[in-house]
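Here's a quick briefing on how the parts of this protein sit together. Have the structure open while you read.

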Amino acid sequence: MLRHPHWWQRRWVRYGALSSLLALSGLVILALVRRQTGTEGFLVGLGLAVLPVPWLMAAFRWLDRVEPGPWRNLVFSFAWGACAAALIAIVANSFATKWIATSTADPASADTLGATVIAPIVEESAKAAAVLLVFLFRRRDFTGIVDGVVIAGVTATGFAFTENILYLGTAFGTDQLTGDSGIASVTAATFFVRIVMSPFAHPLFTVLTGIGFGVAALSAERQHARRVLLPLCGLLLAMGMHAFWNGSSTFGEYGFFAVYGAFMVPVFAVVTWLAVWTRQRELRTVRAELPPYVLAGWLGPAEPFALGSMRARRMARDYARHHHGRQAAREVARYEAYATSLAFLRHRGRRGKAGPDFVVRERELLDELWKRRDVARPALEYASRASVPAPVFWGPAPYGHPAVPYPAYNPYRT
């Protein structure tokens, strides 16, 4: 007898509850920020804070191009950072700082302790919640380090966006009271520090948490301790780096610039290199794991090379768009995404890290590829020829499938 899920287990109920929570958080944080900055300060802060957002989002989306995740994950992550995480942070930080100031009768020390201890713990935990939710409930979309970096970075971008509105709006209000304007104003100084010099600060902190979750996603299902400890280590590193950055102003007159030049920029460079290197490794994985599906007849001989090159992928989409229209280009893009997911799935399977649904998931991906083969295969073959001749690879057949997928197409049948 089939058991129907309870009403609270239905997908639309969960989506509705989550959307309502984020919308309510957005309204509350909007009211709180506007109350602190005033309407004019809010509008000025909003106009300035939005400037780095497109660049950061484009950077994370570029990083995610090998196996692009669904837009809904990115929208959720940004909304969580901008609304829920920001609300948690502003309420918890204010409460903790006021409590410390009342308990110690030393407001100055309370502000320092709040900035260097309370804020890093609260803010990084609030942002990490979004990464955890995607990791738990969107496991098919969370398969490695790049996914962790992208989800964490987009969440932190949303958080920084709201925080910058507050800081820039407050600075503008201060200038209104003092009559300062131009380069010498508090608004200009705040803009330079937060938007020009360090727009990557919050994303950089939270990306460390994302890397922890990403490495955990690469671990086998049975490695429970590793899957728990690695995200915690990443979160602790994010908190520590955040605390060090916030405490730079207490290191003397030039402490901020010293920490920025000697610590933040090198760490940013290392993390950026790691993300780009991981992206290139993903492309190598695609080229290495797809050839067995060529032997089984699911893919054309040139496809592993074309799918393992971002240039060839772009050429394939352009070819499909030029000859068959935008819908064909979208189908080729979906084909590329499904093929990449298939390569990563096989890679995990060969290393004994695939889940119990490996065969089912492999069949789903292969069926999606087969539906789009007529439009995608000519485009990818053209892209392969236009890039560089692709060698034909031979290897064992993929798990759980015979050598012939459908009698209608088997280039190796004799």
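Predicted model: local features only at pLDDT ≥ 70, side-chain atom pairs only at ≥ 80, totals over all residues.

Residues are numbered from 1 along each chain as its sequence is written, and side-chain values use heavy atoms, with hydrogens and water left out.

**Domains**
- The protein splits into domain 1 (19–250) and domain 2 (283–386), with bounds that come from an automatic or database domain assignment.
- Their centres, taken over C-alpha atoms, are 36 Å apart.
- Eleven residues from domain 1 and 15 residues from domain 2 make the contact (heavy atoms within 4.5 Å).

**Interface**
- About 1,100 Å² is buried between domain 1 and domain 2, 50% of it on carbon and sulfur atoms (buried area is the accessible area, with a 1.4 Å probe, that two parts lose on being put together, summed over both).
- On the domain 1 side, Val66, Glu67 and Arg140 lose the most area to domain 2, together 49% of what that side buries.
- Two salt bridges are counted between the domains (a side-chain nitrogen of Lys or Arg within 4 Å of a carboxyl oxygen of Asp or Glu).
- Arg140 forms a salt bridge with Asp357, with the closest N and O atoms 3.7 Å apart.

- Residues 228–245 are 100% helix, with end C-alpha atoms 26 Å apart (helices are DSSP runs of H or I, at least four residues).
- Residues 257–277 are also 100% helix, and their end C-alpha atoms lie 29 Å apart.

How values were computed:
Helix = DSSP H or I, 4+ residues; strand = E, 2+ residues; numbered from the N terminus.
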